[in-house]
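Visitor: Could you walk me through this one?
Guide: Gladly; here it comes.

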Amino acid sequence: MDKLTNTKISVIIPTLNEENNIGKRLKFFTNHKQRNLFEVIVVDGVSTDRTIDEITSNDHLTLLHSKTACRAVQMNLGAAQASHDILYFVHADVILPDSFFDDIMRAVKTYKIGGYRYQFDSNRVLLKLNAFCTRFPMAWCGGGDQTLFITKELFQKLDGFDERYCVMEDFDLVRRSKRFAKYHIIPKNVIVSARKYDRNGYLKVQIANLRAFKMFRKGADPGKIRAYYKEALSLEDY
């Protein structure tokens, strides 16, 4: 296990046009009972809506600006500014359990990297099936919606996120981390937005996810994976 000299958490949130979500996420952190034990760093990727207004209305965080709307770039920028030994990457539309701080601190006593299971903010049966699969460690069951904690030492050893990936960046980081650490799934749920499925339909999203994952496993150029995904689906971000 890495030696953690500063057992606090740096929460890093990449944003792009998240005016409907970021204010609620930041309120959660600001009002959290363990607020003095973590910092919040938001890295915006040139939002064109009111995201920045929602962020700047909160004084208890650091706001960084990325010139590129790419989660890998934004999260690396946030990690470079992080003050603490544990990095926690969170999407702006994901709802965390109140116990997130204690959950992660308990996990890092044994594991250097991991995330949560998740459930969707939807009662649709097929989405419940998708969510059920996130309790298993197979690569295709994972993804950034699970959130990701990692020790700063391991993150730096991996040279952070590969900035060629603007989708699948989390899959790539976890894959590379397996040389050094076992990925841990915390047996609790974060709540994930079903908006991508609402906008595109279940089957269309599943086909796009499967093809993108196959491209990733076969070593396709990251730019081609992103281009395919953006063409296949209607997305609000990235």
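Guide: Met138 sits in the loop that joins α5 (125–133) to β6 (148–151); helices (H or I, at least four residues) and strands (E, at least two) are DSSP runs, numbered from the N terminus. This is a predicted model, where local features need pLDDT of at least 70, side-chain atom pairs count only at pLDDT 80 or more, and totals for chains, interfaces and linings use all residues. Residues are numbered from 1 along each chain as its sequence is written, and side-chain values use heavy atoms, leaving out hydrogens and water.

Visitor: Is Met138 buried, partly exposed or exposed?
Guide: Buried means under 20% relative accessible area and exposed over 50%, with partly exposed in between (1.4 Å probe, protein chains only). Met138 has 36% relative accessibility, so its class is partly exposed.

Visitor: Which residues of α4 are buried?
Guide: Helix α4 covers residues 100–107, and it is mostly covered, with 6 of its 8 residues buried. Those buried residues are Phe100, Phe101, Asp103, Ile104, Met105 and Ala107.

Visitor: What is the radius of gyration of the protein chain?
Guide: The chain holds 10 helices and 7 strands. The radius is taken over C-alpha atoms, and the globule rule is 2.2 Å times the number of residues to the power 0.38. For 238 residues that rule gives 18 Å, and the chain's value is close to this, so it is as compact as a globular protein of that length, with a radius of gyration of 17 Å.

Visitor: What percentage of the residues in the protein chain count as buried?
Guide: The C-alpha atoms fill a box of roughly 45 × 40 × 35 Å along the principal axes. Of the chain's 238 residues, the buried share is 54%.
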